[in-house]
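Take a look at the fold below. We will walk through its strands and helices in turn.

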Amino acid sequence: MEKLCYVVWKPAHVAGSAFRDALLRDAVPALRARGATRITVLVADEHAEALRKARITRQGEPIAGLVSLWLDCVDAHPAIEAVLREHTSRLAGYLVTESVVLPNTTHVGTPGERTPGTTLLALLEKPERLSFEEWIAIWHGKHSPLALEIQCTYLYVRNVVVRALTPDAPPWRGIVEEGFPVEAVTDPMLWYKAEGDPRKMRENLARMIASVRAFLDIERVESHPLTEYRIPE
């Protein structure tokens with residue numbers, strides 16, 4: 001089995017809620033018919049739109065979501081992309097290796113319906129100053145444990161890009177799905193588990209910024225609050 005991740009953009013005239021509905025109602029059954037399993041849809045619908053001030057992007061048109069799925073063989077990816085292109089204005093596909101660093105056991109919803117909370121989708125580029133091995137060592141060995149220590153994360157999934165599957169895909173090497181309680185996304189006191197202590201919040205924020213700078217160029221990071229829909233098998 002192989003995991004594929006597709007960053008998707010919606011047509012400009014389509015609302016986020018309508019885009020979500022089309023993916024769940026029409027795209028998901030068609031993806032299943034083409035062999036896709038374990039499908040997850042992250043989308044910038046009305047729930048995520050309320051948190052748009054937390055979005056960090058350099059994209060002229062912010063991304064509208066992520067569709068991830070598993071196939072027996074990546075060779076079948078053109079059929080998957082044909083389905084997604086019917087509903088998107090643009091897509092960027094990647095073959096990835098997945099690590100579920102922290103599974104979601106606390107914010108579990110009904111399969112097929114909205115997962116309680118918000119998923120922050122981070123799209124990462126490897127800086128030229130680091131070799132791939134150095135980059136992975138810092139990200140996996142140092143940054144991930146720190147993120148779990150000082151942030152109120154309930155889900156942490158790392159996807160390391162093996163290769164791009166679509167033409168002109170941005171040079172992202174990491175795709176991170178990180179779940180947070182909705183109220184924490186705009187409240188750093190909650191985000192950094194500061195328990196009402198401003199000094200602790202500042203200390204944890206400073207530790208996180210230093211950790212991010214160690215393996216990323218911060219100005220090139222994409223971060224998008226999205227709503228998660230896990231599709232039942």
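The tour starts with the strands and then turns to the helices. Keep in mind that this is a predicted model.

Strand E2 covers residues 37-43, and strand E8 covers residues 222-230. The two run antiparallel, joined by 4 bridges. Find Val41 and look across to E8: the residue opposite is Tyr229.

Two other helices pack against each other. These are H1, residues 16-33, and H3, residues 77-85. Their axes lie 9 Å apart, at an angle of about 165°. Angles over 145 degrees count as roughly antiparallel, so H1 is roughly antiparallel to H3. The crossing of H1 past H3 is right-handed.

Which residues of H1 and H3 make the contact? H1 supplies Ala27, Ala30 and Leu31. H3 supplies Ile80, Val83 and Leu84. What classes of residue does the contact of H1 with H3 have? It has 6 nonpolar residues, with no polar and no charged ones.

Definitions and conventions:
Residues are numbered from 1 along each chain as its sequence is written. This is a predicted model: local features need pLDDT of at least 70, side-chain atom pairs count only at pLDDT 80 or more; totals for chains, interfaces and linings use all residues. Side-chain values use heavy atoms; hydrogens and water are left out. Axes are lines fitted to C-alpha atoms, for helices over the stretch in contact, and angles run from 0 to 180 degrees between N-to-C directions. Angles under 35 degrees count as roughly parallel, over 145 as roughly antiparallel, 65 to 115 as roughly perpendicular and the rest as oblique. A crossing is left-handed if the near helix is turned anticlockwise from the far one by less than a right angle, and right-handed if clockwise. Contact means heavy atoms within 4.5 Å. Ala, Val, Leu, Ile, Met, Phe, Trp, Tyr, Cys and Pro count as nonpolar, Asp, Glu, Lys and Arg as charged, and the others, Gly among them, as polar. Two strands pair if DSSP finds at least two bridges between them.
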